[in-house]
Amino acid sequence: MSFFFFLLLENSILRVGDLGLSKVKCQTLISGGVRGTLPWMAPELLNGSSSLVSEKVDVFSFGIVLWELLTGEEPYAELHYGAIIGGIVSNTLRPPVPESCDADWKSLMERCWSAEPAERPNFTEIANELRVMQPKIPPKGQNQQSPPSANTNQAKS
């Protein structure tokens, strides 16, 4: 799951597209090698400790998407794939969080991309936290310098 697969509808409803590799929500074995988009892949898929796809794998990816929404940037754009794999697997590489990031947004992102799948929230918890944060995010076109980031490089609408 990466930012490129999200579709924003007129009513600010978000949909996930390109489900070519989608699986039933229960844990599913990946056969035929690792599949996914490297910067969004969970460490357990890259280091071989698990070949099961679970909700926690998607939560990791969603944490990276939250960072993309915050910064408007592509994760690890300046790194080659070997450095990305090595950094994610060794848990030394995560996207840099701008100092201006809202504390709640930062906490959610960092829990989503935790090295330990059991420490990642589930999507129900994520949705509940985002609902609580929603009032702090200004409507489109109003004060774009507010949470979740004061970064001037906002994602393009």
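## Notes on the model

1. Cys112 is buried, with a relative accessible area of 0%. Cys101 is buried as well, at 10%. How many disulfides are there in the model? The count is zero, where a pair of cysteine sulfur atoms would have to lie within 2.5 Å to qualify.

2. This is a predicted model, and confidence should be read before detail. The mean pLDDT of the protein chain is 75, and 62% of its residues reach 70 or more. Among the elements, helix 4 has the highest mean pLDDT, 96, and strand 3 (residues 28-29) the lowest, 44. Over residues 18-32 the pLDDT is below 50; the model gives this stretch 17 contacts beyond near neighbours in sequence. Residues 150-157 also stay under 50, with 22 contacts beyond four places in sequence.

3. On the overall layout, the protein chain holds five helices and four strands. Their order along the sequence is β-β-β-α-β-α-α-α-α. The chain has 157 residues, of which 33% count as buried. Its exposed surface comes to about 9300 Å², and carbon and sulfur atoms supply 54% of that area. Where contacts join residues at least 6 apart in sequence, 61% of them join residues at least 24 apart.

4. Helix 4 spans residues 103-112, and its buried residues are Trp105, Leu108, Met109 and Cys112. Why do they fall on the same side of helix 4? They cover an arc of only 100 degrees around the axis, and therefore sit on the same side. What these buried residues pack against is helix 2 (55-71) and helix 5 (123-133).

5. Asp102 is found in the loop between helix 3 and helix 4. Asp102 caps the N-terminal end of helix 4: one of its side-chain oxygens lies 3.0 Å from the backbone nitrogen of Asp104. The side chain of Asp102 also makes a polar contact with the side chain of Lys136, at 2.9 Å. Is Asp102 buried or exposed? At 15% relative accessibility, Asp102 counts as buried, because the cut-off for buried is under 20%.

6. Arg120 deserves a separate look. Arg120 is placed in the loop between helix 4 and helix 5, and at 2% relative accessibility it counts as buried. Which backbone oxygen does the side chain of Arg120 reach? That of Ser114, at 2.9 Å. Leaving out residues up to four places away in sequence, Arg120 touches a list of residues that includes Ala42, Pro43 and Glu44, then Lys56, Val57, Val59 and Phe60. Arg111, Cys112, Ser114 and Ala115 are also among the residues that Arg120 touches. The Cys112 in that list is one of the buried residues of helix 4. Arg120 and Gly63 are 57 residues apart in sequence, and their C-alpha atoms are 9.5 Å apart in space.

7. The loop between helix 2 and helix 3 (81-89) contains Tyr76. Tyr76 is not a glycine, yet its phi is positive, at about 60 degrees. Tyr76 counts as buried, at 6% relative accessibility. Glu74 lies in the loop between helix 2 and helix 3 too, but counts as partly exposed at 43% relative accessibility. Glu74 and Pro95 are 21 residues apart in sequence and 9.4 Å apart in space, C-alpha to C-alpha.

8. Asn91 is another residue to check for backbone geometry. Its phi is near 60 degrees, a positive value in a residue other than glycine. Asn91 has its place in the loop between helix 3 and helix 4, the loop in which Asp102 is also found. With a relative accessible area of 37%, Asn91 is partly exposed.

Key:
Residues numbered from 1 in each chain as written. Predicted model: local features only at pLDDT ≥ 70, side-chain atom pairs only at ≥ 80, totals over all residues. Heavy atoms only, no water. Helix = DSSP H or I, 4+ residues; strand = E, 2+ residues; numbered from the N terminus. Buried < 20%, exposed > 50% of the residue type's maximum accessible area, 1.4 Å probe, protein only. Contact = heavy atoms within 4.5 Å. Areas by Shrake-Rupley, 256 points an atom, 1.4 Å probe, with all protein chains shown as cover. Arc of directions from axis to C-beta. Polar contact = N/O pair within 3.5 Å; in protein donor to acceptor, adjacent residues only side chain to side chain. pLDDT = per-residue confidence, 0-100.
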